[in-house]
There are 2 protein chains.
Amino acid sequence: MTMLEQDVTVVPDFTHSDARIKELLDYMHEIADLEALTELIDWDQNTAMPKGAAQVRGAQMATLKGVLHERWTSPQLGNLLGELGKEFKQASFTDTDRGLVREALRGYEHATKLPRKLVEEMAHVQAASFDAWRSAREQSDFASFAPLLSRTVALQREVADRLGYDETPYDALLDKYEPGLTASKLDILFDPVCKVSQGMLQRIQASGNTVDASCLEGNFPLEQQLVLSERLLRNMGYDFLRGQLAQSPHPFTSSFGSPFDVRLTVRPNKRFIQAALKAAIHEGGHAVYEQGSAPMLARTPIAGGASMGAHESQSRLWENAIGRSEPYWQGQFAAVREVFPDQFAHVDVNTFARALNKVQPSLIRIEADEVTYNLHIIVRFELEKALINAGIAVESLPGLWNAKYREYLGIEPSNDAEGVLQDIHWTSSFGYFPTYTLGNLYAAQIFHTLRAAFPDFDERLAGGDTRFLLEWLQQRMYALGAIYQPEELIKRVTGEMPDPEYFTRYLTNKFEMIYNLPKIA
Amino acid sequence: MTMLEQDVTVVPDFTHSDARIKELLDYMHEIADLEALTELIDWDQNTAMPKGAAQVRGAQMATLKGVLHERWTSPQLGNLLGELGKEFKQASFTDTDRGLVREALRGYEHATKLPRKLVEEMAHVQAASFDAWRSAREQSDFASFAPLLSRTVALQREVADRLGYDETPYDALLDKYEPGLTASKLDILFDPVCKVSQGMLQRIQASGNTVDASCLEGNFPLEQQLVLSERLLRNMGYDFLRGQLAQSPHPFTSSFGSPFDVRLTVRPNKRFIQAALKAAIHEGGHAVYEQGSAPMLARTPIAGGASMGAHESQSRLWENAIGRSEPYWQGQFAAVREVFPDQFAHVDVNTFARALNKVQPSLIRIEADEVTYNLHIIVRFELEKALINAGIAVESLPGLWNAKYREYLGIEPSNDAEGVLQDIHWTSSFGYFPTYTLGNLYAAQIFHTLRAAFPDFDERLAGGDTRFLLEWLQQRMYALGAIYQPEELIKRVTGEMPDPEYFTRYLTNKFEMIYNLPKIA
C-alpha cells in the first residue's frame, strides 16, 4: 500500500511559469463552455424538448458544432499545440499540464481530420435520428428508424476513414471513447469474459438452485420511486446543489460543467423496483465521478472522466460491486422500507439483496444481471463490427439481433422495442458499448483494491457509511479528471495494469456464493 | 375594412433574385441559432439549473455571448450590410427582405458599439445577479442583492453611453426593446394612462360599490392548477407539440426557435387560483404570438414578435380584454368546474368573471387588476429613470419603492420580497417595464378592431370558440414576425397609428359597467 499512499499526493495544478499554458487554457475554456452547451441541448432533448422542435434543434446543434469545429481547428491553436506538443514531456510541466496538452492535441487532430460540413451533417442526422428512434421505439417499428440508422452508419464509416486506423475502421470509433482500444484487443479481452459468463450461466442453470426475486415485483408508484432514488443518491454523496434528478426514456448522466452541474435521469417502472434503483446507483456512479473532478480542472477537456471505460468502471462499481451487495443494503434498507413500508414490511435485507442478484437471461440490457450483462454487450459489439467493418445492411439488424440473443442468452425478443430498438446509442454513437464491459473489468480491479485498503469494508457499508468509499475514490481517482489516460490511471489507483483476471475471479466467487455452487478447482 | 382585407394578402417571403439576401440569411441563421441557445440557458437557469452551477453557467453564457458578438461584428457581414443597407428600399426587395436587412443592421450596429469584453462581463454579472436575486427574494433581503444590482446599473449606464442617445441615457435602453421609444415620449403617453387609472380608482373607491372575489380564494392543489392551465392553453390554440408548460419563480415565455419551440411557465399559488390563470393566459398570449410566426422566418431575427410592446400587446390582449371577460369564461368555465368541482360547484360564471376584475390596489404587479396595473409600471418607470438618468444609489431603492407605492396605490410593502425584489427584470434589463403599458395601449386598439371585424364576437367566445380569434391574429399579425416595426404593424392590423385613446375608452367603459358607475360626460 506504500505506493498507493504516495500517489494520493498528486494534486492537480497547472504550471504558472509558462505563459503558453495560460494561453492554451483560454482556448480550452472557450471550447469547454461550448461543449457544455452541446450537453445542455442533449439533456433538454431527452428531458423536456417538444417533438416539434427536432428539426430546428438539429439546426442549432449543427451551428454550435460548426463553431466548435472552427475553434478546434484554429491555426493559432494549431501553432501553440505544435510548440507545446514537442516540449510537454519536459520536467518543467506538471502532470496536469501534460494531460491538458495531450487532450488538446487529441481534440485538435480529431477536428482537423473531420471537415466542418461533415460535423454539421452529423448533428442534423443525430437530431432527426433521435426523434425517429423515439417514435419507432414507442411503436416498435424498426422500419421507420432504419433509413436514419443507415445514414448514421454511413457517416460513422466516413468518420472512421477520415480519422484513420491500422486494422479496421471500427477501431477508429473505439479510440474516440477509449484511447488506443481496437477490435482485436477487445476480441482478446472479451474472450475470458464471454467464457466466464457463459460458464457461470450454465453452472447456475445446471445446479437447479434459484434466487427468489418476487419481492422486487409489485406496485411501486413512480413518485415514490423518485423519492427513494433521491435518498439513495444523497446517501452515496451525490450533491444535489450541483445536480438534479429527472426522468427520460433511457437513463443517462450529463455534465454541463464538471464538477458544478452534473445531472442524471432514471426511468422508473411501476411494477419492478429494480429498474429505478439500478439506474439511480449506476448513473449516480457516473455523476459522483464527474462531481469529484478538481474544481481547478473546470472548463477544460480534462475535467470529468478519463475515458468511457473509466467512467463505466465507476457506474458499475457502484451499481454492482457495491449496490448489489448485502452489506450495502444492510446500510440502506431502512430507506427502502421507509418509502415503501407496505411492500417491504415482511422482506428481510438478505432476501432483498439476494433478489437483486437473480440471474436470468433477459431481453433488456439495462435490466440484466451481472452474469449475463456482458453477453448483451458482446451481441452489440459483434453487430457494430458487422455494420462498420463488414458493411451489412441495417435492414438485417433485427433478424441478426434476435438470432444472437437466442444464441448467447437462449431467449428472443417478441418485438423490436424490446430488441434492437431498446438503446439510444445508435442514434449517434458506435464504439461506445464495449466500454461498459471494459468498465466491468476496471471496476472489479478497483473493488479488490478498495477491500484491501479497508479491512472493515463490509462493516462500514452495513453501518450505512459510504462516504469513506467516495472520499477514497475522489482523492485517488475522481479529482484527477482526465489528467492520466485510463491504463495509467488504473495503475495509479490499484497499483497494477488492468487485468481481466480480477473480473473473472469476482464474478466466480460472488455467484458461487449466491447460488451455492460447488467450487471449481 | 377593405384596407384590412388587402393587408391580409402579405405573405412573408424572401426574394430569390438577389444572392446577397441568401448570403445574409446564412449569417442570420447562424446568429439566430446561437441566440436561441442563450434562451435555452435562460430557460434552464429558471426551471432546472442547480444553484451550484451559477458561476460556471455564467462563464458559459459569457463565452456564447462572446461568440455571438464576434459573429455580429464580422467585417464581412458589415460589408454585406453596407451594400444592402443602401439598396434595400428599392422595389426589387420584398417587405420580408427589408425587415431582415433592417434587423440585421440594428444588430450589427448594436454589437459594433459594444465591445466584447463588456458583453461578456454583462453575462457574468447577469448569472451572478440572478442567483443573488433568487436568494435575496427567498429571504426578503435586499441588501444581499444590492451590490450586484449596483453593478448591473453601472453596466447598463455604460451600454447607454456607448449606444448613444439624443436626450437621456435611459432612451438608449428603451430603444433596445421598442425602437425609437424615449422617456419623453413615454411621459406623454403615460400621462393619460396615469390620469384614467387614478381617476377610475378614485371613482370606484368613492362609489362604495364592490366586487366579491372570494370565489377565487380557497384550496387549489398545485397539480390541478397545472392541469387547468394546460386545458386553457390548449383551448387558446397553444400547440404543445411545439411547446411545454413548466413552473418557475416568475412566469415567463421563452422561444428557442420560433415557431417550433416556444415554452412558458406559471407560478401557481395554492390559495389563489387567479395567479396561475392569469399567468397561463398572459404567457399563452406571448407564446401563440411566437408560435404563429411564419415558418419561413425561422432562424432569423425577424421570427417572433415585432417588439416588446407588440409582444405585451398580445399577452395583455389575451389576459385582459379576452381572459377577463365574461363571454370568454362562458366558453371556458366548464373546464374550471371540471378540474375544481368542489370549489366551483356553487359559483356561477358571472360571479367568477366579475371576481377576476375586482379592483384593489395590491403590492404584486403580476397580480394587479387592469385599473391599477399601469400604476405599478409607472413606479418602475420612474425608478428606472432615477437609477439610469439621475444616478441615485441602489441602496435608496427600497425606500423610494415603498414611498411610491404609498403615493400611487395607497399601500406599502411590509418586506422587500413583496416590494422591490418581486420582479426578475432588474437582474439584467432596464427599459423593459414600460413596454407592458405600451402593450396595453396596442391591445386596446387591436381589441377594438377585432370586435368590429366580428359582430358576433361575444357569442363565439361564449360558445367556447377562440380559434377564430387566433386565426385572425395569426394571419394579420403573428405570421409577419418582425417584418414591420411596431407602429407600422399596428397600422396594418388596425388601420390606424397607435392611439392611447382606445385604452382610456376601453378602461372607462369596462369598469363603469363592472362597478356600475354613473357615466361621465
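Where in chain A does A:S140 lie? In this predicted model, A:S140 is placed in the loop that connects α6 (116-139) and α7 (142-163) of chain A. The residue is not a glycine, yet A:S140 has a positive phi of about 50°.

In chain A, the peptide bond between A:S258 and A:P259 is cis, with omega at about 0°. A:P259 belongs to the loop between β2 and β3 of chain A. In chain B, a cis peptide bond links B:S258 to B:P259, again with omega of about 0°. The loop between β2 and β3 of chain B holds B:P259.

The relation between the two chains was examined next. Two copies of a chain are related by a rotation about an axis and a shift along it. Here, chain B is superposed on chain A by a rotation of 180° with 0.0 Å of shift along the axis, the RMSD being 0.0 Å. This is the relation of a two-fold axis. Both copies use the same surface, since 100% of the contact residues of chain B recur in chain A.

At the interface, 35 residues of chain B are in contact with 35 residues of chain A. About 2,800 Å² is buried between chain B and chain A, and carbon and sulfur atoms give 61% of this area. B:L37, B:P50 and B:Q60 supply 17% of the area that chain B buries against chain A, more than any other three residues.

Charged and polar pairs also occur across the interface. Eight salt bridges are found between chain B and chain A. One of these pairs A:E70 with B:R71, with the closest N and O atoms 2.8 Å apart. Residue pairs in polar contact between chain B and chain A, both members at pLDDT 80 or more, number 16. On the side of chain B that touches chain A, α2 (19-47) and α3 (54-72) of chain B each supply at least two residues. The largest share of that side, nine residues, comes from α3(B).

The sheets of the two chains are described in turn. Strands of a sheet pair through backbone hydrogen bonds, either parallel or antiparallel. In chain A, three strands form an open sheet in the order β1-β3-β2, and the pairing is mixed. From one strand to the next, the twist averages 30°. β1(A) runs parallel to strand β3 (residues 262-266) of chain A, and three bridges join the two. Within this pair, A:L245 is opposite A:L264 in β3(A). Helix α11 (residues 273-291) of chain A lies across β2 and β3 of chain A, and its direction is at about 170° to β3(A).

In chain B, an open sheet of three strands is likewise present, with the order β1-β3-β2 and mixed pairing. Its edge strands are β1 (245-247) and β2 (253-255) of chain B, each of which pairs on one side only. The twist in this sheet averages 30° from one strand to the next. Three bridges connect β1(B) with strand β3 (residues 262-266) of chain B in the parallel sense. B:L245 has B:L264 in β3(B) as its bridge partner. Helix α10 (residues 222-236) of chain B lies across β1 and β3 of chain B and runs at about 145° to β1(B).

Notes. Residues numbered from 1 in each chain as written. Chains lettered and ligands numbered in written order. Predicted model: local features only at pLDDT ≥ 70, side-chain atom pairs only at ≥ 80, totals over all residues. Heavy atoms only, no water. Least-squares fit on C-alpha atoms with pLDDT ≥ 70 in both. Contact = heavy atoms within 4.5 Å. Pairing = 2+ DSSP bridges. Helix = DSSP H or I, 4+ residues; strand = E, 2+ residues; numbered from the N terminus. Axes fitted to C-alpha atoms, helices over the stretch in contact; angles between N-to-C directions. Buried area = accessible area lost by both parts, 1.4 Å probe. Salt bridge = Lys/Arg side-chain N within 4 Å of Asp/Glu carboxyl O. Polar contact = N/O pair within 3.5 Å; in protein donor to acceptor, adjacent residues only side chain to side chain.
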